[in-house]
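This report walks through one protein model, element by element. Please keep the coordinates open while reading.

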Amino acid sequence: MSEPTELRDPPEASRRRAARPKGRVTMTDIARAAGCSQATVSFVLNNSPGIRLSQQTRDRVIEAARSLGYSPPVFSALRPPVTPFEGLDGVIGFAVDQLATSPEAVVAIEGARQASWNAGNVLLVAQTMGDAVMEPRAISALTRRGISALIYMTIFTREIAAPEFLYSLDIPVILLNCYTADYAFPAVVPSEIAGGQSATRHLIGHGHRRIATITGEPWMQAAQDRLKGYRRALATADIPFDPELVVEGDWSASAGYAATVKLLALKERPTAIFCQNDRTAIGCYEALKEAGLHIPEDISVVGYDDEEIARHLFPPLTTSILPHMAMGQWAIEQLEAPPTPGRGRYPITKLECPLVERESVATVKSST
């Protein structure tokens with residue numbers, strides 16, 4: 001190991017030391033080094049109450065003061081105590097089981113980041129893979145960084161058995177895209193049943209009565225709920241449910257292609273297909289075009305998720321927005337309000353999945 005004297009300071013620290021003023025260090029000197037106003041320096045160094053400054057700004061002022069040789073009696077007193085319900089002027093942890101392969105997680109994190117930064121807070125993100133050993137270690141690492149709250153997200157919408165360590169945390173915990181049977185934490189999920197109902201109702205509104213759907217994997221709650229919404233819309237419109245028009249998929253384009261081929265082979269083919277995600281719709285488009293059919297003139301198609309590709313398909317795909325951005329923002333908003341004293345059960349909040357109307361749906365052709 002090298003001796004301490006051999007370690008080189010980063011260029012920024014060297015510049016600050018070179019610029020250290022002779023004699024007594026003033027707030028003007030610190031403000032210049034920190035790149036902020038003298039008033040901000042005064043607020044930080046005097047730990048002024050009622051002033052909303054981001055932790056990043058506070059840290060920058062303290063670092064500049066230290067580098068210039070300013071030595072207040074106790075520097076630790078300059079860092080305000082973490083107070084989760086007074087603007088959360090600090091750091092918020094965000095733990096998600098899958099990140100690298102999931103656009104939904106990135107969108108939710110961005111929603112939380114925007115809401116956090118608006119209040120001057122920093123978001124620290126950890127991918128846990130749901131591993132029984134590494135997940136508690138990852139969250140422990142976040143708590144050691146001084147987080148004032150934790151957002152805990154799963155990629156697949158579902159009920160979870162919350163890990164025991166979540167109950168033992170002495171900071172607020174928000175569940176995103178998941179919930180527990182005991183309602184111990186505030187939780188937010190997409191309103192998938194309503195989303196499936198809205199997508200199907202849109203097709204019914206264009207005169208379609210023979211509407212097929214290509215589902216996701218049936219063990220997943222999102223697939224179950226979107227199918228429930230589909231069936232509710234049919235029932236509300238007095239359209240009999242036909243199991244022949246429901247084809248199981250796995251969310252992939254290849255499954256969408258195969259399912260569409262199967263639907264086209266029916267004696268009476270559907271006039272519209274509700275694909276329960278946009279990737280399924282990509283395969284559906286390919287199968288329809290390969291069969292010489294035009295969208296939406298011959299068959300209308302609706303997707304779900306509103307992935308980036310949806311607006312670039314030809315024709316652009318009518319689809320439903322998964323509200324992960326809004327869910328991330330919602331999670332931060334819950335942290336900005338004090339909890340109700342003595343409240344141990346929280347309702348599950350369901351956010352709407354709005355329909356985005358594009359050009360893949362047309363009024364059904366008359367059979368006359």
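## A parallel sheet

Strand β6 (residues 211-215) runs parallel to β7, and 3 bridges join the two. Strands pair if DSSP finds at least two bridges between them. Thr-213 has Val-246 of β7 as its bridge partner.

Contact means heavy atoms within 4.5 Å.

## Basis and overall figures

This is a predicted model, where local features need pLDDT of at least 70, side-chain atom pairs count only at pLDDT 80 or more, and totals for chains, interfaces and linings use all residues. Residues are numbered from 1 along each chain as its sequence is written, and side-chain values use heavy atoms, with hydrogens and water left out.

The protein has 12 helices and 12 strands. Helices (H or I, at least four residues) and strands (E, at least two) are DSSP runs, numbered from the N terminus. Of the 368 residues, 48% count as buried. Buried means under 20% relative accessible area, exposed over 50%, and partly exposed in between, with a 1.4 Å probe and protein chains only. Among contacts with a separation of 6 or more, 72% come from residues 24 or more positions apart.

Asn-277 sits in the loop between β8 and α11 (278-290). Asn-277 counts as buried because its relative accessibility is 4%. Its contacts are Arg-226, Trp-251, Gly-303, Tyr-304 and Asp-305, not counting residues up to four places away in sequence.

The 13 residues of α11 should span 18 Å at 1.5 Å a residue, and its end C-alpha atoms are 18 Å apart, so the two agree. The expected span is 1.5 Å times one less than the number of residues. Buried residues of α11 include Asp-278, Thr-280, Cys-284 and Leu-288. The buried residues of this helix pack against β6, α10, β8, β9 and β10 (319-320). Just after α11, Gly-292 takes a positive phi of about 80°.

## Nonpolar cores

Which residues touch the most other members of the largest nonpolar core? They are Ile-273 and Val-301, in a core of 35 residues. A nonpolar core is a set of buried Ala, Val, Leu, Ile, Met, Phe, Trp, Tyr and Cys residues joined through side-chain atoms within 4.5 Å. Two or more residues each come from α8 (192-205), β6, α9 (221-236), α10, β8, α11 and β9. Apart from this core lies another, of 22 residues, among them Ala-105, Ile-109, Ala-115 and Ala-331.

Beyond its neighbours within four places in sequence, Ile-273 contacts residues including Ala-212, Ile-214, Leu-263, Cys-284 and Val-301.

## Strand β1

Strand β1 (residues 91-96) has 6 of its 6 residues buried. Val-91, Gly-93 and Ala-95 cover one side, and Ile-92, Phe-94 and Val-96 the other. β1 pairs with β2 (residues 122-127) in the parallel sense over 6 bridges. Phe-94 has Val-125 of β2 as its bridge partner.

## Cysteines

The whole structure contains 0 disulfides. The cut-off is a pair of cysteine sulfur atoms within 2.5 Å. Cys-284 is in none, and the nearest cysteine sulfur, that of Cys-275, is 3.9 Å away. Cys-284 is buried, at 0% relative accessibility.

## Backbone exceptions

Most residues other than glycine have a negative phi, and most peptide bonds are trans. Met-129, not a glycine, has a positive phi of about 60°. Met-129 lies in the loop between β2 and α6 (134-144) and is exposed, with a relative accessible area of 53%. Trp-251 also has a positive phi, near 80°. Trp-251 is in the loop between β7 and α10 and is buried, at 14%.

The Ile-295 to Pro-296 peptide bond is cis, with omega near 5°. Pro-296 lies between α11 and β9, in a loop. The bond from Phe-314 to Pro-315 is cis too, with omega near -5°. Pro-315 is in the loop between β9 and β10.
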